[in-house]
Amino acid sequence: MQKPLILVTNDDGITAPGIRHLVEFMNEIGDVIVVAPNSPQSGKGHAITINSTLTFEEISLDGPQKDYSLSGTPVDCVKFALDKILTRRPDLVVSGINHGANSSINVIYSGTMSAAVEAGVEGLQAIGFSLLDFSWDADFSQAKEYIQNIVRKVIENPLPKGVVLNVNIPKLLKEEIKGIKVCRQANAKWEENFDERINPHGKKYYWLTGYFNNMDTGADADETALSEGYISIVPVKFDLTAHDYLKDLGEIMNS
């Protein structure tokens, strides 16, 4: 029986420990092709490259998979893989493992999740994985069994068309993780300010700073699940239409 073809990408760059662990985990499930940015692309969201050219190269890193490094964004990687590298459509696209959370509002800024969402736009099964640890030396191995279990379940039970999964994993030892919770996106946001400074030439420059403000204590919210030691899974759609407001807006505009 033919193994599933799995496309792996990320936003931290092709050599980041998170994606190297994800590739290792996926090699035990299917045939793996990696197409990932050649440099960090965190926070790029759904950006694509339109005002400059792209280059790519096959590189040798580890394992039996083929690795391709692309000079573009995570979304570029998915688009390029489908058009120029893969000889057939992948059975699954996995993105990550991201160094740091992509829960709640972070999903819209995340290059990791945007790659998964782009796969969803193309009608593909896709999952984005993130670990709540920004350290380059984060221990991704603690989540191996959970990640592989989630992937196998999606392969065996295909997601509805246009739906992708946003999976966030708490920074815990394997035995400390309480399990998995399917959640909604929490109502949370970044409260930001720009720290103004002066360079040696007397010119102003700014650093984006701020803090994360979780305004949601709902038991079904992803931030709640993570704080309680659970892996959160949020089903995500690229359709941003406010369906629950269509009727009311129509009545207002046509009155």
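I began with a term: a residue counts as buried under 20% relative accessible area, exposed over 50%, and partly exposed in between. The model I am reading is a predicted one.

**Tyr245 and its patch.** I looked up Tyr245 and found a relative accessibility of 38%, so Tyr245 counts as partly exposed. I placed this residue in the loop between β11 (230-237) and α7 (246-253). Together with Leu249, Ile252 and Met253, Tyr245 forms a nonpolar patch on the surface, and the accessible area of these four residues together is about 400 Å².

**Thr112.** Next I turned to helix α4 (residues 111-121), where Thr112 is found. Is Thr112 buried or exposed? I noted a relative accessible area of 0% for Thr112, so this residue is buried. Leaving aside neighbours within four places in sequence, I listed what Thr112 is in contact with, including Asp11, Gly96, Asn98 and Phe129.

I found Ile97 itself in strand β5 (residues 92-99). In the loop between β5 and α3 (106-109) I came to Ser104, which has a positive phi of about 45° although it is not a glycine. I also recorded that Ser104 has a relative accessible area of 1%, and therefore Ser104 is buried.

**Rings.** Lastly I searched for aromatic side chains and counted 3 aromatic pairs, and I noted that Phe56, Tyr68 and Phe80 form one aromatic cluster. At Tyr230 I saw that the charged end of Lys181 sits over the ring, 4.3 Å from its centre.

Technical notes. Residues numbered from 1 in each chain as written. Predicted model: local features only at pLDDT ≥ 70, side-chain atom pairs only at ≥ 80, totals over all residues. Heavy atoms only, no water. Patch = residues over 30% accessible without salt bridge, like charges linked within 9 Å, V, L, I, M, F, W, Y side chains within 5 Å. Areas by Shrake-Rupley, 256 points an atom, 1.4 Å probe, with all protein chains shown as cover. Salt bridge = Lys/Arg side-chain N within 4 Å of Asp/Glu carboxyl O. Helix = DSSP H or I, 4+ residues; strand = E, 2+ residues; numbered from the N terminus. Buried < 20%, exposed > 50% of the residue type's maximum accessible area, 1.4 Å probe, protein only. Phe/Tyr/Trp six-rings, centres within 6.5 Å; stacked < 30°, edge-to-face > 60°. Lys NZ or Arg CZ within 6 Å of the ring centre and 35° of its normal. Contact = heavy atoms within 4.5 Å.
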